[in-house]
Amino acid sequence: MVKNVNPKDRCPRCGQGTLVTDATTGENFCGKCGFVITDKVDESGPEWRSFSNEGENKSRAGVPTSLAMHDMGLATVINPQNRDATGKPLTSAMKSTIERLRTWDSRSQVHEPVDRNFRQAFSELDRLKDKLAVGDAVIEKAAYIYRKALEKGLVRGRSISALIASALYAACRDTETPRTLKDIGHASNIKRKDIARCYRLLLRELNLKMPVVDPVKCISRIASKAGLSEKTKRAATKILQTAEEQKISAGKDPMGLAAAALYVACVTNGENKTQRDVAEAAGVTEVTIRNRYKGLKVALNL
């Protein structure tokens with residue numbers, strides 16, 4: 001018996017007794033006159049009960065569904081242990097039936113051509129996820145784009161690796177994740193022009209509308225690689241915002257523009273970094289930084 005802690009909980013009948021909850025029967029009643037308020041309370045214990053000797057894992061659900069899995073996480077698996085739900089061994093006749101079911105279950109899931117294609121593509125996508133350190137939202141978007149491409153028959157006659165890499169680049173552009181074609185080409189070991197060709201195909205055939213890349217989102221990445229201070233990062237952000245207001249950032253490579261803004265901020269704050277240091281961190285050439293630097297100097301009257 002547990003007495004309710006809240007003193008306001010008084011019996012609605014006598015108005016004096018406090019309400020008491022019986023955890024065994026689930027009744028909620030008055031401790032003085034015995035008036036039963038409710039005869040059932042919500043269960044506060046665990047939702048599962050174990051009827052077998054399967055160990056400590058009491059979860060009733062599998063992995064969450066995901067587009068980046070060949071079967072979207074909806075496939076079933078027949079337990080390899082030849083035991084029923086109560087843990088008793090199966091009869092010899094039932095064993096052969098279950099074994100036959102396992103065989104057909106395996107065949108139906110793995111040997112479809114589309115399924116094999118998805119397995120190969122999404123294993124490559126999983127590898128790229130670790131190499132490029134992108135989030136689950138990007139991976140889900142890339143898997144969605146690839147599934148649409150397969151529906152339209154765009155994969156036939158083309159490299160699966162190149163198409164999944166281009167789908168990942170499209171997902172990065174769509175979610176405004178700062179990853180360049182060069183980064184994805186280096187991670188996937190595919191030529192940049194092949195990824196670019198497949199990317200243009202996806203844009204054209206799937207009618208994808210990509211947002212313009214914001215160079216401000218590239219600043220943190222370049223600054224981390226170059227080892228720049230927080231003060232310089234903030235100054236570079238202000239420079240880019242001013243450049244955007246004056247419309248001089250239109251049509252420029254966002255990575256090169258962000259690198260030039262960081263270099264301007266380094267010069268302004270007296271931070272000792274050369275053009276080569278910033279260029280290597282951004283993955284652009286020193287000439288690009290010099291050209292963008294000249295434009296920024298004129299626009300900001302430096």
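**Exercise 1. State the secondary structure content of the chain in this predicted model.**

Solution. 
- Step 1: Take the helices. The chain has eleven helices.
- Step 2: Take the strands. The chain has four strands.

**Exercise 2. Describe burial, surface and contacts for the chain.**

Solution. 
- Step 1: Start with length and burial. The chain holds 302 residues, and 35% of these residues are buried. Buried here means under 20% relative accessible area.
- Step 2: The accessible surface is about 19,200 Å². Carbon and sulfur atoms own 50% of that surface.

**Exercise 3. Locate the largest pocket and give its volume.**

Solution. 
- Step 1: Find its centre. Among the 31 lining residues, Arg179, Thr180, Leu181, Asp183 and Met255 are the closest to the centre.

**Exercise 4. Work out which elements and domains build the lining of the largest pocket, and what kinds of residue it holds.**

Solution. 
- Step 1: List the helices. At least two lining residues come from each of H2 (113-132), H4 (160-174), H5 (181-188), H7 (216-226), H9 (254-269) and H10 (275-282).
- Step 2: Pick the main contributor. H5 gives the most, with five residues.
- Step 3: Assign domains. Domain 1 (113-206) and domain 2 (215-300) each provide at least three lining residues.
- Step 4: The lining has 14 nonpolar, 13 charged and four polar residues.

Notes: Residues are numbered from 1 along each chain as its sequence is written. This is a predicted model: local features need pLDDT of at least 70, side-chain atom pairs count only at pLDDT 80 or more; totals for chains, interfaces and linings use all residues. Side-chain values use heavy atoms; hydrogens and water are left out. On a 1 Å grid over the protein atoms alone, a cavity is a set of points where a 1.4 Å probe fits but cannot get out, and a pocket is an open set with protein on both sides within 12 Å along at least five of seven lines; lining residues have an atom within 4 Å of a point. Grid points are joined across faces, edges and corners, and a volume is the space filled by probe spheres set on the points. Ala, Val, Leu, Ile, Met, Phe, Trp, Tyr, Cys and Pro count as nonpolar, Asp, Glu, Lys and Arg as charged, and the others, Gly among them, as polar. Domain bounds come from an automatic or database domain assignment. Buried means under 20% relative accessible area, exposed over 50%, partly exposed in between (1.4 Å probe, protein chains only). Accessible areas come from the Shrake-Rupley method with a 1.4 Å probe; for residues, only the protein chains shown count as cover.
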